Amino acid sequence: MAITGLFLITFLIVHCGINALIFFNDGGESFNKGAEFMGTNPLIRTMEIVLFIGLILHIVKGFSLWKQNNNARPIKYAVQNGAANSKWYSRSMGILGTLLLMFLIIHLRHFWVISRFTDEITSGKETLFNEMKEVFEHLWIVVLYVLAMVSLAYHLMHGFQSAFQTLGLNHKKYTPLIKGVGFWFSIIIPFIFAMMPIAMHFDFIK
Amino acid sequence: MSGNMNLTLKVWRQKNTKTNGELVDYKVNEISPDMSFLEMFDVLNEKLITEGKDPIAFDHDCREGICGMCSMHINGRPHGPLQGVTTCQLHMRSFKDGDTIVVEPWRAQAFPVIKDLAVNRSAFDRIIAAGGYVSINTGNAQDANNLPISKDNADEAFAAAACIGCGACVAACKNASAMLFVSAKVSQLSLLPQGQPEKQSRVINMVAQMDAEGFGSCTNTGACEAECPKGISLSNIARMNREFIGAELGSEKY
């Protein structure tokens, strides 16, 4: 979980960085350039496959971990006060991950399928920026995306620092730093992502 | 006496490993706040015996917080509401008159219930037998100063060795993982020079035994550290992970 998780975190940085180009508010010019580069560069396209492998491994491993851990306690407690000893999101990684997976299916259907499996964007009929504009016209989709980013924030809040602990990277000097960076990363990245549908919907970006 | 309490207990009763158990209600009256939690159980058991009923089986031994025998899951927390104490050191002053207290055994696949609140923790013994030792050839003991140990390492090894193997970490963990226990036992040896020769095989064998016993995996929730009566640190788990990864990659054994 740790290795694939950290790999997916690096993907989030790239994804967030490219998409943040919409905030230049230049009618999507720089964003469309970025999207075209990501869609055509052979190295990126290869990494896309690696990314999917990483994502699938993360999901499969997460599921088997959930099953194994569920079996480790066949008879549950009548009363268990988890709040007394741990954070709710640390105990809910499976549920948060499942929510994110459901979001990802919708999200991929919105943008990835259009740009890879139809010729709408490659033929120049449509740009990815306009596609974003169109999708985020619906308020319920904006709400869905924002809620998904809340899930992502909590998933990262546990996952970021947990990955380092799993890999044995615990150190008196560096662990507080890792935890601090993890905390802010978990807030800033989902916040930037969440601002995208909001800005599009309310026409802050034209 | 004034200040004495009347309480309702919901206690897990289970005849043996094979039968199903259930929570049974008991009323205990005139409980002194100065009693320990186990003494309150003694009072209840006396009453049950007088009534000709089967007393509640529970583990206990030293009753001073150092043996690791007591193992009650009280109101959803191992060893009850206080931090850094075992059940035997929990006193009734931590509760209020009229409280309902739910008492369950440690719950884990690897800790089958023997009877009522007593669970079989010999899985821990088998993990220790798998590698939690140092092999020392017989002969005269050498001078202690021949083995230089830094104070920091000695302190950290000692802190890890404070683990009494009660199993509260397993009980607290949502995954019933034994990582805090195993990592404490790995750390107390690998931090010292005497533990070095068997360092790689120790971590590999102990982790393999831990998995074979059916404990869950660590997802770093930190519940174990928060509930450990001896304050064993999560940094031990990271150390064990580090050593395990190193041993898996570096060892020439398959």
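Tutor: Gladly, and please keep in mind throughout that this is a predicted model. A place to begin is A:S30, which touches A:L21 and A:F24 when residues up to four places away in sequence are left out of the count.

Student: What makes the pairing of A:S30 and A:D26 a polar contact?

Tutor: The side chains of A:S30 and A:D26 are joined at 2.4 Å, and the cut-off for such a pair of N or O atoms is within 3.5 Å, so the label applies. A:S30 itself has its place in helix 2 of chain A, which covers residues 29-40.

Student: Why is the meeting of A:E29 and A:K33 called a salt bridge?

Tutor: The N to O value for their side chains is 3.9 Å, and a side-chain nitrogen of Lys or Arg must lie within 4 Å of a carboxyl oxygen of Asp or Glu, so the pair qualifies. Both A:E29 and A:K33 lie in helix 2 of chain A, 4 residues apart, which is about one turn of the helix.

Student: How do you know whether A:K33 is buried or exposed?

Tutor: Its relative accessible area is 55%, and exposed means over 50%, so A:K33 is called exposed.

Student: What makes B:R13 and B:D116 a salt bridge, and why is each of them called buried?

Tutor: Their side chains meet at 3.1 Å, N to O, against the limit of 4 Å. B:R13 lies in strand 1 (residues 5-13) of chain B and B:D116 in the loop between strand 6 (113-115) and strand 7 (118-119), so the pair ties together parts that are 103 residues apart in sequence. B:R13 has 13% relative accessibility and B:D116 has 1%, and the cut-off for buried is under 20%, so both residues count as buried. Salt bridges that share partners also join B:R13, B:D54, B:K115 and B:D116 into one network.

Terms used:
Residues are numbered from 1 along each chain as its sequence is written. Chains are lettered from A and ligands numbered from 1 in the order in which they are written. This is a predicted model: local features need pLDDT of at least 70, side-chain atom pairs count only at pLDDT 80 or more; totals for chains, interfaces and linings use all residues. Side-chain values use heavy atoms; hydrogens and water are left out. Helices (H or I, at least four residues) and strands (E, at least two) are DSSP runs, numbered from the N terminus. A polar contact is a pair of N or O atoms within 3.5 Å; within protein, one must be able to donate a hydrogen and the other to accept it, and residues adjacent in sequence count only if both atoms are side-chain atoms. Contact means heavy atoms within 4.5 Å. Buried means under 20% relative accessible area, exposed over 50%, partly exposed in between (1.4 Å probe, protein chains only).
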